[in-house]
Amino acid sequence: VMALTLIALTLLAFSIANPLRLLAVSASKMEEPDVIEKIKKVPSWYFEVDQLKRVILFGTVLLHKRIGKLSLQAHTDLLTGLLNRRGIYENVELILSKSNQVAAIVIDIDHFKRVNDTYGHNVGDDVIRLLANNIKQGSRESDLICRTGGEEFLALLPDTDMKQAAEIAERLRKKVERMPLPIPENITISLGVTCFIPGTEQIDSILKTADDALYQAKHEGRNRVVTKIPPDHPLKKDTN
């Protein structure tokens, strides 16, 4: 009888203590993505552990929401809702790993300082938002669209060759030229386009090539699309 009683007490003590142990372990790992499901599975057959489980679950859900919000803010441009430069670098590997060829388009508003100086920065912000919306409307779900800073934007287009990218850039240029604005004049954009095979060059080198094409478009009079082939692209070798 004593032995059976001891066994029963041991099992009861374990059934009481084990949920507390599981909740304690989960509480120490609240930032892990799957911890909420683990907390839900903890047996809570008596009142005290059930209440404790509810409190820990509530706190964990709240923590994850805040972490998600902070992550979104860290990777998103607040003015336009597009990715920022950090967001592009966080997501670019997915595009590179799944695409045979990627196009990069750098976009810059011509004479944007004049807009700010003439109509104020609030109107300038409205113009940037309108341009961002136009870029998003013309993009695919798989495209990465980013505001890299000021009046400059970047689009990375997976499975897109140079000809397709140049056509997309030209359509955007014409659309922006006719875009309704909260000012009594239109704006224009200059675009630099390049295309590359993932794995042949570093992304920073590719973006520099696109920037060089953009600067050439600015130098040649603005409101135009300029394409530039990276040094290691097969098209470059074919032209040599």
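Is arginine 140 buried, exposed or partly exposed? Arginine 140 counts as partly exposed because its relative accessibility is 38%, where buried means under 20% relative accessible area, exposed over 50%, and partly exposed in between (1.4 Å probe, protein chains only).

## Basis of the model

This is a predicted model, in which local features need pLDDT of at least 70 and side-chain atom pairs count only at pLDDT 80 or more, while totals for chains, interfaces and linings use all residues. Residues are numbered from 1 along each chain as its sequence is written, and side-chain values use heavy atoms, with hydrogens and water left out.

## Salt bridges

The model contains 13 salt bridges, each defined as a side-chain nitrogen of Lys or Arg within 4 Å of a carboxyl oxygen of Asp or Glu. One of them joins arginine 140 to aspartate 143, with the closest N and O atoms 2.8 Å apart. Aspartate 143 counts as buried, at 11% relative accessibility.

In helix H7, lysine 163 and glutamate 167 lie 4 residues apart, about one turn of the helix, and their side chains form a salt bridge of 2.7 Å, N to O. Lysine 163 is exposed at 59% relative accessibility, whereas glutamate 167 is partly exposed at 37%. Helix H8 (residues 203-219) holds lysine 208 and aspartate 212, also 4 residues apart and thus separated by about one helical turn; their side chains meet in a salt bridge of 3.2 Å, N to O. Salt bridges with shared partners also link Asp108, Asp110 and Lys218 into one network.

## Largest pocket

A pocket is an open set of points on a 1 Å grid over the protein atoms alone, where a 1.4 Å probe fits, with protein on both sides within 12 Å along at least five of seven lines; lining residues have an atom within 4 Å of a point.

Its lining comprises 17 residues, of which Ile135, Gly138, Ser139, Ile168 and Leu172 lie nearest the centre. By class, the lining has 10 nonpolar, 3 polar and 4 charged residues. Strand E1 (102-109), helix H6 (121-137), strand E3 (152-158) and helix H7 (162-177) each supply at least two lining residues, and H7 gives the most, with 5.

## Nonpolar surface patch

Leu9, Leu12, Ile16, Leu20, Trp45 and Leu52 form a nonpolar patch on the surface, with about 540 Å² of accessible area together. Patch residues have over 30% relative accessible area and no salt bridge, and nonpolar side chains are joined within 5 Å. Helix H1 (residues 2-27) contributes the largest share, 4 residues. Tryptophan 45 is located in the loop between helix H2 (35-40) and helix H3 (47-75).

Notes:
Patch = residues over 30% accessible without salt bridge, like charges linked within 9 Å, V, L, I, M, F, W, Y side chains within 5 Å. Areas by Shrake-Rupley, 256 points an atom, 1.4 Å probe, with all protein chains shown as cover. Nonpolar A, V, L, I, M, F, W, Y, C, P; charged D, E, K, R; others polar.
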